[in-house]
Structures are given as structure tokens and as C-alpha cells.
Amino acid sequence: MASTEGLMPITRAFLASYYDKYPFSPLSDDVSRLSSDMASLIKLLTVQSPPSQGETSLIDEANRQPPHKIDENMWKNREQMEEILFLLSPSRWPVQLREPSTSEDAEFASILRTLKDSFDNAFTAMISFQTKNSERIFSTVMTYMPQDFRGTLIRQQKERSERNKQAEVDALVSSGGSIRDTYALLWKQQMERRRQLAQLGSATGVYKTLVKYLVGVPQVLLDFIRQINDDDGPMEEQRERYGPPLYSLTKMVIAIRVFLTLLWERYDTFKLSKDQMNLLSEAAIVYTSEFERFVTFISDVFANSPFFISADTAGILWSRDNEEYKEIIVQAGRTYEISLMVESENSYIAWDFSLMQGKISMDIGFSVEYINASGEKTLILPYRRYEADQGNFSTLMAGNYKLVWDNSYSTFFKKVGRYLHFGVDGVNQ
């Protein structure tokens with residue numbers, strides 16, 4: 001079991017500096033050009049024959065902006081590629097392409113076979129990425145878990161959970177569920193797992209004691225799973241850095257899928273020109289090559305990204321001598337407030353409750369609010385009860401910051417904490 005002593009969950013600031021080492025080369029300009037051209041082809045098909053209700057739903061999806069989430073877009077790309085591979089299967093082609101009677105149809109059938117190979121390769125790369133990333137995350141987590149029977153039980157539980165989820169998917173497919181239905185279920189399963197992890201990370205009271213001391217989940221891991229996917233948490237840096245190119249690829253692959261769906265229904269009356277065939281071919285080749293490039297890149301980024309960092313690495317300067325911290329004692333049944341006047345933005349305020357570590361009954365309520373010159377209050381850190389926690393934030397504005405420790409619910413135990421405030425230059429304030 002790897003030690004978590006002196007570690008804290010990755011912060012958004014750390015990920016920003018980490019991602020600086022991994023700049024993504026911009027997508028080819030062909031992505032936006034061809035996406036626009038595919039949209040024009042879709043419009044041409046709908047003018048030729050009004051879309052059905054189901055086709056209208058697909059077109060609406062193609063016109064919407066993708067969700068602001070890396071993993072959801074990954075699943076959406078995988079879903080659309082599987083839909084395209086289904087459409088590119090010769091058995092799904094219009095009869096004129098399965099049994100071509102013209103040179104144009106024969107040429108288009110040959111193009112479709114080539115495109116299917118390209119999508120097969122991209123689809124395989126996508127599955128490989130998701131599988132390896134999932135295994136890496138679980139393996140990393142398990143290094144911080146007890147290596148005794150508890151670790152064995154966790155592995156068995158994971159295997160049992162995966163079997164149950166796969167059985168759920170198989171049952172859906174056997175009952176006639178569509179590709180879209182299947183991926184809706186897969187995403188629902190992932191969101192349910194994420195919700196359960198967030199609840200685990202936010203556990204309190206007796207349940208938290210059971211999780212930490214009986215199951216053996218370290219506090220830093222609980223903190224990690226609680227905050228990692230917050231809307232403004234560490235992953236927001238990832239979404240802002242690498243989301244835009246992936247979102248562009250999502251829109252492109254949806255456009256290709258919608259075009260093929262509409263075309264197959266209208267092939268009797270709509271014949272593609274040579275230029276239109278080449279446009280579809282170019283769009284598919286550019287998409288698959290750029291998507292594979294993105295997946296290869298993001299795999300390297302994820303493979304080297306840690307879950308935890310030392311406080312020093314996070315820029316909190318926890319290695320300073322203890323006398324630089326100001327220690328506070330909160331008596332039982334009382335609260336304790338401190339107001340810190342910050343003269344410039346980008347100062348650091350840090351707190352440390354590690355002096356309570358190892359005392360099962362010891363926790364303390366804590367919150368931080370900002371008060372501007374007009375007296376308006378903004379909640380910086382919502383109230384929560386902590387055990388042996390360390391944290392920090394960089395101030396965005398000058399002004400008054402109020403730190404509140406709450407021990408009013410305790411009848412017998414006083415609580416001890418520390419805080420530190422220092423400026424951009426690292427000088428203690």
C-alpha cells in the first residue's frame with residue numbers, strides 16, 4: 001500500500017502547469033471546412049425530401065453544441081462511429097450499391113469500403129484508449145488501498161460490478177435496443193458510478209469512519225473523488241484545454257453519420273456527383289486521422305497525470321517551519337472567526353487540520369467567504385465538516401476574507417487547526 005502522507009489531490013492550478021507541457025497541435029483547418037460542407041450536403045438532402053421525425057431529431061443533434069465534457073464527447077464519438085460502421089456495412093447499403101449497375105455506383109461502393117476500414121481503425125483506437133485508461137485509473141487507486149483481504153474484496157467487487165453492467169447491456173441488445181439506446185445505458189452507468197463515488201467522498205459520521213478505518217480508503221483519496229469532477233474543479237482545466245478540438249470532432253462525426261442516414265433513405269432519387277463522393281471521402285479520412293491523433297495525444301497526457309501531489313508541488317509551501325503557521329484552538333460549543341485583509345490578488349490562503357488526524361471523533365466545520373469594499377459577501381468555500389484536511393486557494397480579488405471554524409456541535413472536545421496567508425512572493429502575511 002503506497003503511502004499518502006504529505007499528499008493532497010491534484011488542483012486545477014497544478015493541472016494548468018502540467019498541461020503546459022502537453023500542448024495539442026491544432027486540428028487541421030480541413031475539419032471546420034469539411035464540417036461546413038457536410039452541413040450543406042445535409043441541407044441539400046432535406047430540401048430534396050423533407051426529413052422524417054426521426055431524421056429531424058438527428059439533424060437537431062447535429063446542430064447542437066456538444067456537451068462541455070471530455071469523457072461524454074469520447075462516448076459520443078464512439079457511438080457515432082459505431083452508427084457509421086453499421087451504415088457502412090454492405091448489407092445496409094442501398095440495393096444499387098450492393099449490386100451496382102453503373103460505373104458511378106461501383107466507384108462509390110469502392111469508396112465506402114475504404115471508408116469503413118478507416119472507421120474500423122479509429123473505432124478500435126477509441127476502445128483501446130478507454131480500456132487502458134480505465135485499467136490505469138483502477139490500478140493507480142489500488143496502490144493506495146490496503147494490500148490485504150480488503151484489497152482482494154474490492155477487486156472482486158469491481159469484477160462483479162462489471163459483469164452485472166455488461167449483462168445489463170447484453171439484455172438491452174437482445175431485446176432489440178438500438179446503438180443509441182446502448183450508449184445511453186453505458187453513459188447512465190458511468191454517471192451512476194460517478195455519483196456513487198462522489199457520495200463516498202462526501203461521507204460523514206459513522207459511515208465515513210467505516211469507509212476509512214474498515215475498508216481502508218485513505219482520506220486523500222476520498223477528497224480526490226469528491227472534488228475531481230466538480231464543474232469548476234481540477235477537470236475544468238482539462239475541459240478548457242483539450243475540449244474544443246474534441247468538440248469539433250464530435251460535430252464532424254455526427255454530421256457524417258446524419259448525412260449517410262439521410263442519403264441511404266433517398267438514394268433512389270438522389271445521386272451523388274463525383275465531387276460530392278470525394279467530399280464525403282475526404283471528410284471521413286480527415287475525421288478518422290484527426291481523431292486517432294487526438295486519442296494518441298490524450299492517452300499520453302492521461303498516462304502521465306498523477307492523482308495526488310505534494311503540498312510543496314502545489315505551491316502551498318507546506319515545508320515552511322511550523323512557527324510560520326498560526327495555530328487556533330476552537331473550544332467545544334464555540335465558533336472561531338478570523339478576517340484576513342488581502343491587499344492584492346493571487347495571494348495564498350492555506351489551512352491545515354492534520355493535527356486532528358487519527359482521532360476518530362475529531363472533525364470541524366469550516367468555511368471561507370469574501371467581503372468586498374461595499375460589504376457584499378461571496379461564499380468562497382461552502383461550509384463542510386472536515387477531518388485531517390489540508391487545503392488552499394489563490395485569491396482572485398483584494399479585500400477581506402473571513403475564515404470560520406465551527407465547533408458548536410461538539411459538547412466535549414476542543415479542536416485545533418492552523419492557517420497560513422502569504423503573498424505572491426511567498427512572504428508570510
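Let's start with helix α7. Its buried residues are Gly151, Lys165 and Val169. Buried means under 20% relative accessible area, with a 1.4 Å probe and protein chains only. Helices here are DSSP runs of H or I, at least four residues, numbered from the N terminus.

A word on the source. This is a predicted model, where local features need pLDDT of at least 70, side-chain atom pairs count only at pLDDT 80 or more, and totals for chains, interfaces and linings use all residues. Residues are numbered from 1 along each chain as its sequence is written, and side-chain values use heavy atoms, without hydrogens and water.

Back to α7, residues 149-174. Its 26 residues should span 38 Å at 1.5 Å a residue, and the end C-alpha atoms are 37 Å apart, so the two agree. That expected span is 1.5 Å times one less than the number of residues. Just after α7, Gly176 has a positive phi of about 95 degrees.

Next, the core. A nonpolar core is a set of buried Ala, Val, Leu, Ile, Met, Phe, Trp, Tyr and Cys residues, joined through side-chain atoms within 4.5 Å. The largest one holds 75 residues. Met74, Phe108, Phe119 and Ile256 have the most contacts inside it. Which helix gives the most to this core? That is α11, with 16 residues.

Take Phe119. Contact means heavy atoms within 4.5 Å. Beyond its neighbours within four places in sequence, Phe119 contacts several residues, including Met81, Leu85, Val253, Ile256 and Tyr287. There is also a second, separate core of 17 residues, which includes Leu340, Ile349, Ile364 and Val368.

Technical notes
Helix = DSSP H or I, 4+ residues; strand = E, 2+ residues; numbered from the N terminus. Buried < 20%, exposed > 50% of the residue type's maximum accessible area, 1.4 Å probe, protein only.
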